[in-house]
Protein chains: 2
Amino acid sequence: MAETPSPSPPHSTSSSSSSSHGRILQFAPFQSLVDDGFWRRLSSLKLDTLGVDQSPIPITGYYAPCSHPRVSNHMTLLAESFSVVPEAPRGNRNRCPVPGVLLNTNTLPSFRTLDRESLLQKEAKKILEDICSGKVEEDPGVLSSFLVISYADLKKWGFHYWFAFPALVLDPPASLLDLRPASEVLSAEEAASLSTACNKWRSSTLTADIPFFLVSISSNSQANVRPLKDWEVCQGDGQKILYGFYDPCHLPNNPGWPLRNFLAFIGLRWKVGRVQFFCYREKHGLADLGLSLIGEALVSPPEAWRDPQSVPKAVGWELKGGKLSSRFISLAESMDPERLAISAADLNLKLMRWRTLPSLSLDVLSSVRCLLLGVGTLGCEVARILMAWGVRKITLVDSGRVAMSNPVRQSLYTFEDCLNGGELKAIAAARNLKRIFPAVEVEGVVMAIPMPGHPVSANETASLLEDCKRLQALISSHDVVFLLTDTRESRWLPTLLCANENKIAITAALGFDSYLVMRHGAGPLISIPANADGSSGTSEDVNAFSAKINKLSTEDVDGDQRLGCYFCSDVVAPVDSISNRTLDQQCTVTRPGLAPIASALAVELLVGILHHPEGIYAPGESTSSILSSTEQPLGILPHQIRGFLPQCSQLTLIGQSSSSCTACCDIVVSEYRKRGTDFIIQAINHPTYLEDITGLTEQKKSASSFLVDWDNETDDDADF
Amino acid sequence: MAETPSPSPPHSTSSSSSSSHGRILQFAPFQSLVDDGFWRRLSSLKLDTLGVDQSPIPITGYYAPCSHPRVSNHMTLLAESFSVVPEAPRGNRNRCPVPGVLLNTNTLPSFRTLDRESLLQKEAKKILEDICSGKVEEDPGVLSSFLVISYADLKKWGFHYWFAFPALVLDPPASLLDLRPASEVLSAEEAASLSTACNKWRSSTLTADIPFFLVSISSNSQANVRPLKDWEVCQGDGQKILYGFYDPCHLPNNPGWPLRNFLAFIGLRWKVGRVQFFCYREKHGLADLGLSLIGEALVSPPEAWRDPQSVPKAVGWELKGGKLSSRFISLAESMDPERLAISAADLNLKLMRWRTLPSLSLDVLSSVRCLLLGVGTLGCEVARILMAWGVRKITLVDSGRVAMSNPVRQSLYTFEDCLNGGELKAIAAARNLKRIFPAVEVEGVVMAIPMPGHPVSANETASLLEDCKRLQALISSHDVVFLLTDTRESRWLPTLLCANENKIAITAALGFDSYLVMRHGAGPLISIPANADGSSGTSEDVNAFSAKINKLSTEDVDGDQRLGCYFCSDVVAPVDSISNRTLDQQCTVTRPGLAPIASALAVELLVGILHHPEGIYAPGESTSSILSSTEQPLGILPHQIRGFLPQCSQLTLIGQSSSSCTACCDIVVSEYRKRGTDFIIQAINHPTYLEDITGLTEQKKSASSFLVDWDNETDDDADF
């Protein structure tokens, strides 16, 4: 809701002594009204487009003739006000467009210390130029040109603002000879004809919103309404000329503000000294000559104005409660809190684009679908930081319940979640994420991840298959998979599925005082993976995809161009690491500082991938490759980040994919494509199967036979 | 509450064929009872002392003679059971100590796969050895030695356990010739005398808890109770010997389990073949010969037992519901949830000490008082990680309210906290910290921090003084101060106050994509700062303090040994950096990953200081000083850690204190001590004051004159 300005007293044109004839003409000042939509539009414009740019913004104000005997009309700003006059929609009789300028400062102090005097003079000078150049005749609205200064506190949805309606100060001031209702001044016949002419003017979309006009009344009492540019034509023929304008003011003894510059224009441009003016007002949408006024004034513009360089004296800063003061409106209270939360959450991100990261894509972030496997120490923190980065689509997978030891380390749970045996983590985390930010689209999925080395019996196989299919479907329907579980073997199937579908996979893993954060390389196979429902992408997708992959495929021939996955550097297949763990091994005892660091790096890594032109195919960069990557505003895009808390050290590593990786090599992915869940079941139930098919078994054998040989070697082979 | 074992049927000695005389003697097995206190004590022992050590733990079980005609007594484990027999408290007639061994495994699978057969044999062999060596006569309790295997799931407060009461298996089994109530077997006179003798034995603290004994009944019906070692003495004189034991069993037709090994002992050690035994039972605390039994059995121990290497056949694993099975007790349900939460929160920390950090001091962490200035992005995260490290005393200071943009980045707030204009941050954060962990001692303090460069008017001075005093008192009453505000000038006064009181101060500060985490050096002055209440520490404190400081003081003379504070490397005093900030500057726009990283490092830095023998005086270490610091298990203790996200880089720096630092140099601290809050007010109101007194103004002047000179210099001075 916009504020309702208090009625202001009529405003004297100047403090100079009264002129020789009649009394000094006094005008009712314009009153401003700003719709909430205007501030909302300004907020978006500032955040999304302008940033710290403080250049003046052209805007359009709207007003209409007074249409009620007791209420003046306002100069109104609307959401549409950011469309500028020539392009702004025309023809609406209740929205006569007036050009304005908005000066929105970056800070409250600079708002407060703006030199309002000189700003006003600058605007007045522009009006004077438009008068002298004849622009007013083409576009009469410029006579009421206005200025708004503002400071938008986008954090609190508060807006400080101040209108100026610049009026050239006539010296000596115009003196009023006569002012009465039009119906009294005119004959009944004239009045009837004028009403008809005005209503016609006001009903044509070509003229309805043109607030300044001429009225010619012929000797036979026929009135015509004409545009200002017809002034020459109206001369002579004994016609009476009235200088008409849409008067927003309702007062019976004062014309409204637009008349001020109109008189200056008439006196200066047409050199008319005695002006009969017509304050056009309406009732029920039709001309009302009882409310409308006709007056007569003497005008003599200062000679100085004829100098093109002259700066006219001007007034016009809007008063508040009779004093010179700015206004303030807070939209926070009237806004839906959830909407406020959304705009507030986006605020920090949008502000990043002002100076530091203009290339940041909030659309990419808000639409990327993230799957988090594991909602423990890492998962909770990753979900939070994703949300802080503007990610809005998050799915959380965990099969566990919240234990008493969790809340102090797992930042999405509270003591309450542990009671009565503990809530399911996936459910509690999803709900608590929504409590932080109601607009997040989050789902909790309660399921365990099938793991090699944890064989299942025949009657458990059906449920295992179910889990496999569910995980496949989840990975298919997301863009990014975070591997945040606490065992090596639980990362195997997700790694394989991501390699198969070429999904971005990010692993974070903690030791006691060290961490590993890495992104997996792209998948090894060039064919388009069938979607979970058996369909494949659109042909356009396919082409784009093939183009990218083909390059990768050729580079992959020698096996060292594709980046590795979490398993690529291992020479043993994942096995059961859980069943026989001691308590400290079960609890993944880590220094509490590790998880926040690793989680933060994991999310920053994702943001880097999403903003890299090559995405999942981006080559691994290391700290030393600074020069090659200066183009990426987010910095280098490493493959692996390893950190060691006791040394306060952090380093980036690059590891190529291995052709005998048990999770992502050609053989494994091909075999999975061929045999599907059968393959997975076999890998889970038969400890050596993965090592057998990838050749690791063979390698180990030859390695051990080689070692035997080596004992017999001489020392000659220094390179050995 | 411990479980109540179900009554078990009498237990056959062996499955071998019945012996030649009478029926086979059958014994009622021992029943176990474990008090919750035992498990609690075991939990602490495991967590705090044993770690992964699985060595057998000597324990003491307690039992007493049956004292109720319908209820048998149990072998009971109590919290005191971890005191071992010779040292265990003696003389309690209801707690006859029996030595036992506890084998607590680290994992459930290893509990399940223990070789129970061989464990039992090993215990039986020990009993046989004690029989043969004569140890039984000295310490008869060893005849009932027992074994407990267990697995303690400390995470869930669940305990799996299994008792064995090893009994040597006589082959052929003992055969029973007679078994009747003692009152029937004895004459009235003998019974009365025996009762008296038993009551006397049971009322002396020297004998009350000795469960095996001899009864000699002379021909004149006088009964005496004597220790086993008097056996020789009792022979001859026509005395009747009864072999007595405290019988836990209540059954009228079966003796209890202790008789089994007693018979084996009597047969083997004393070579008695026909044994008259006395099952001593009580009612209302007195001998009851109606409940007590006297029986006669034929015993012939296997010849093989005479071989010292022989391993006797044994039985004794306790049955559960008639089957061989372990027992399980969960204490979680019966525990107060808050207590559970406390023990759970400590669990991860205690587990750290098992393998990796035996020197970790949880007491230091739980008693250190931390003051957090600022509860924004950094403050929330620091509070959480402190709590995860076991810090329990936290005070949060902030003057702001929770804004809509906060919850996605400030991890202690939710959407709800933003409604209705937003809750006060300090209050909301304190409450939400308690929701995570109810046992944390947290207080929220709503106050602003006085800042240089933000001058106050005369009528605001009183409230500014109030704030200064409040901050002084807060810093006095805490051990550690975290500086987590978002402006430079708000860190000045806390830095000065920490330097004055020699408090640990840790600063974390964020740029857009870089961070600084540092600890401030010790204070510059050697005298003991007066406490807030005017008192100083105890003389002992003072001496210790002086000793430390004197060293520092001498090292400080040349001004480059003391580590610097946040302001030491600056050459300008803090000024108002807030008032004219644009929106992105106000919101401290940072990459969301930064705050978790910097917060984690800040807390890890504190943990390092608290564990360093020199504490606040510890010299700054850098990544390269690895060798010098191998003794510190937490790793190096850096002075400053600077990280730069775009390069994935992190480095440690050391900066010495500056003798013209505006916050911590001698001059500033001395001046503050001299003039107190007057000094602060002047520093706040007069922009150049700090630079004037520290000589920075002078330095700048000479620097600028120097620069002018320099233009005239030749290039000869390469070092310049």
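# Exercises on a two-chain model

In chain A, A:T507 stands opposite A:M518, a residue of strand β27. This is a predicted model: local features need pLDDT of at least 70, side-chain atom pairs count only at pLDDT 80 or more, and totals for chains, interfaces and linings use all residues. Residues are numbered from 1 along each chain as its sequence is written, while chains are lettered from A and ligands numbered from 1 in the order in which they are written.

**Exercise 1. Describe the sheet of chain A that holds β26 and β27.**

Step 1. Strands (E, at least two residues) and helices (H or I, at least four) are DSSP runs, numbered from the N terminus. Two strands pair if DSSP finds at least two bridges between them.

Step 2. Take the pair. β26 (residues 504–510) and β27 (residues 514–519) of chain A are antiparallel, with 5 bridges.

Step 3. Widen the view. The sheet is open and has 8 strands, in the order β24-β23-β22-β25-β26-β27-β28-β29 (chain A), with mixed pairing. From one strand to the next, the twist averages 15°.

**Exercise 2. Decide whether A:A345 is buried or exposed, and find its contacts.**

Step 1. Count neighbours. A residue is buried if 20 or more other C-beta atoms lie within 10 Å of its own, exposed if 12 or fewer, and partly exposed in between; C-beta atoms are placed from the backbone. A:A345 has 24 C-beta neighbours inside 10 Å, so A:A345 is buried.

Step 2. Locate the residue. A:A345 lies in helix α9 (residues 337–355) of chain A.

Step 3. List contacts (C-beta atoms, placed from the backbone, within 7 Å). Leaving aside neighbours within four places in sequence, A:A345 is in contact with A:F437, B:S405 and B:V408. A:A345 and A:F437 are 92 residues apart along the chain, yet their C-alpha atoms are separated by 8.3 Å.

**Exercise 3. Work out how chains A and B meet and how they are related.**

Step 1. Count the contact residues. Chain A gives 75 residues and chain B gives 75 residues. On the side of chain A that touches chain B, α9(A) has the largest share, with 11 residues. That side divides into 44 nonpolar, 20 polar and 11 charged residues. Ala, Val, Leu, Ile, Met, Phe, Trp, Tyr, Cys and Pro count as nonpolar, Asp, Glu, Lys and Arg as charged, and the others, Gly among them, as polar.

Step 2. Superpose the copies by least squares on the C-alpha atoms of residues with pLDDT of at least 70 in both.

Step 3. Compare the surfaces. The same surface serves both copies: 100% of the contact residues of chain A recur in chain B.

Step 4. Find the axis. Of the residues of chain A, A:I597 comes closest to the rotation axis, at 2.3 Å (C-alpha).

Note on methods
Two residues are in contact if their C-beta atoms, placed from the backbone, lie within 7 Å. Axes are lines fitted to C-alpha atoms, for helices over the stretch in contact, and angles run from 0 to 180 degrees between N-to-C directions.
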